Amino acid sequence: MAETVTIDGQRYLKRNPLGALGLSIITLGIYFFYWYYKVNDELRMVEHDETISPTRSLMAMIFGWLIIVPPFIAMWNTAKHTQKLEERLGVQQTIEPAIVLVIMFVFSIGNVAYVQEHLNRAWDAASYGGRAASGAAVPPPPPLPQTPPPETPSTPEAPPAP
C-alpha cells in the first residue's frame, strides 16, 4: 500500500491517498490521527524545520475541537508546509490551503486524500528531480537511436560504350 522513498538518506512513505482515506473511515478516524502525526513528522524532517511540531499539531487536531478553531489552524499550517515543499521542489500544481479548509469543513477526514496526493507529488519530485532542485547537474537523456537513411532503388548501370 505504501512505497518507501529515500531522500537525502531519510525514508518517507508514498501512501495511496484513497487507501489512507479508506483506513481513516474504517478505523473511525483513528488512522487519520496517526497519518496526521506522521505527515507532520515527515514535513519536519524533509524541511529541516524544527518549528514544525507533529505533537502540537496532533494535539490541536484531537483536543482543539473543544474551541473549534485550532484544528483548522493546524490543517492550514500543514497545507502551507506542504505547499512550501512543493514550490521548493518545482511541483507545478501545488496544494491550496483554502481548499484544505473547505474539505475539512465539509468532510473532515477527507483531507487525507488531498494532502497525501500532494505529498506524493513532492516525494516524486524530490526523488526523481531532487538533483535539479538542489542545483546539481542532471545527466542528459540518452540519445535516440539513429535510423539509417532509406535506401534508394539502384538502377542498373548502362554498359560501357564501345
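Is Ile 7 buried or exposed, and what is its relative accessible area?

Mentor: The model is a predicted one. Ile 7 is buried, because its relative accessible area of 8% falls under the 20% limit. Ile 7 belongs to strand 1, which covers residues 2-7. Leaving aside neighbours within four places in sequence, Ile 7 is in contact with Tyr 12, Trp 123, Ala 126 and Ser 127.

The chain holds six helices and two strands, and from the N terminus on they run β-β-α-α-α-α-α-α. Of the 162 residues in the chain, 39% are buried. Among contacts between residues at least 6 apart in sequence, 56% join residues at least 24 apart. The accessible surface comes to about 10,400 Å², and carbon and sulfur atoms account for 64% of that surface.

Next, the interior. In soluble globular proteins, nonpolar side chains tend to be buried together. The largest nonpolar core here has 32 residues, and Trp 35, Leu 85 and Trp 123 touch the most other members. Strand 1, helix 2, helix 3, helix 4 (69-89), helix 5 and helix 6 each give two or more residues to this core. Helix 6 supplies the largest share, eight residues. Trp 123, named here for the core, is also one of the contacts of Ile 7. Trp 35 is in contact with Arg 15, Ala 20, Asn 111, Val 112, Val 115 and Gln 116, when neighbours within four places in sequence are left aside.

Glu 3 pairs with Lys 14, and their closest N and O atoms are 3.8 Å apart. Glu 3 lies in strand 1 and Lys 14 in strand 2 (residues 10-15), so this pair ties together parts that are eleven residues apart in sequence. The two partners can be told apart by accessibility: Glu 3 is partly exposed at 40%, whereas Lys 14 is buried at 18%.

Asn 120 touches Leu 13, Lys 14, Arg 15 and Pro 17, leaving aside neighbours within four places in sequence. Asn 120 has a relative accessible area of 8% and is buried.

Helix 2 has 18 residues (residues 30-47); at 1.5 Å a residue it should span 26 Å, and its end C-alpha atoms are 26 Å apart, which agrees. The span is counted as 1.5 Å times one less than the number of residues. Just after helix 2, His 48 takes a positive phi of about 50 degrees.

Helix 2 has charged pairs as well. Asp 41 forms a salt bridge with Arg 44, with the closest N and O atoms 2.4 Å apart. Both residues lie in helix 2, three residues apart, which is about one turn of the helix. Asp 41 is buried, with a relative accessible area of 13%. Arg 44 also forms a salt bridge with Glu 50, the closest N and O atoms being 3.6 Å apart. Glu 50 counts as exposed at 61% relative accessibility.

Ser 57, which lies in helix 3 (residues 54-63), touches Tyr 36, Asn 40 and Ala 74, not counting residues up to four places away in sequence. Ser 57 counts as buried at 13% relative accessibility.

Last, the surface, for contrast with Ile 7. Ile 25, Val 102, Phe 105, Val 106 and Phe 107 make a nonpolar surface patch of about 560 Å². Helix 5 (residues 97-106) gives the most to this patch, with three residues. Phe 105 has its place in helix 5, and Phe 105 is exposed, with a relative accessible area of 68%. Ile 7, by contrast, is buried at 8%.

Definitions and conventions
Residues numbered from 1 in each chain as written. Predicted model: local features only at pLDDT ≥ 70, side-chain atom pairs only at ≥ 80, totals over all residues. Heavy atoms only, no water. Helix = DSSP H or I, 4+ residues; strand = E, 2+ residues; numbered from the N terminus. Patch = residues over 30% accessible without salt bridge, like charges linked within 9 Å, V, L, I, M, F, W, Y side chains within 5 Å. Areas by Shrake-Rupley, 256 points an atom, 1.4 Å probe, with all protein chains shown as cover. Salt bridge = Lys/Arg side-chain N within 4 Å of Asp/Glu carboxyl O. Buried < 20%, exposed > 50% of the residue type's maximum accessible area, 1.4 Å probe, protein only. Contact = heavy atoms within 4.5 Å. Core = buried A, V, L, I, M, F, W, Y, C linked by side-chain atoms within 4.5 Å.
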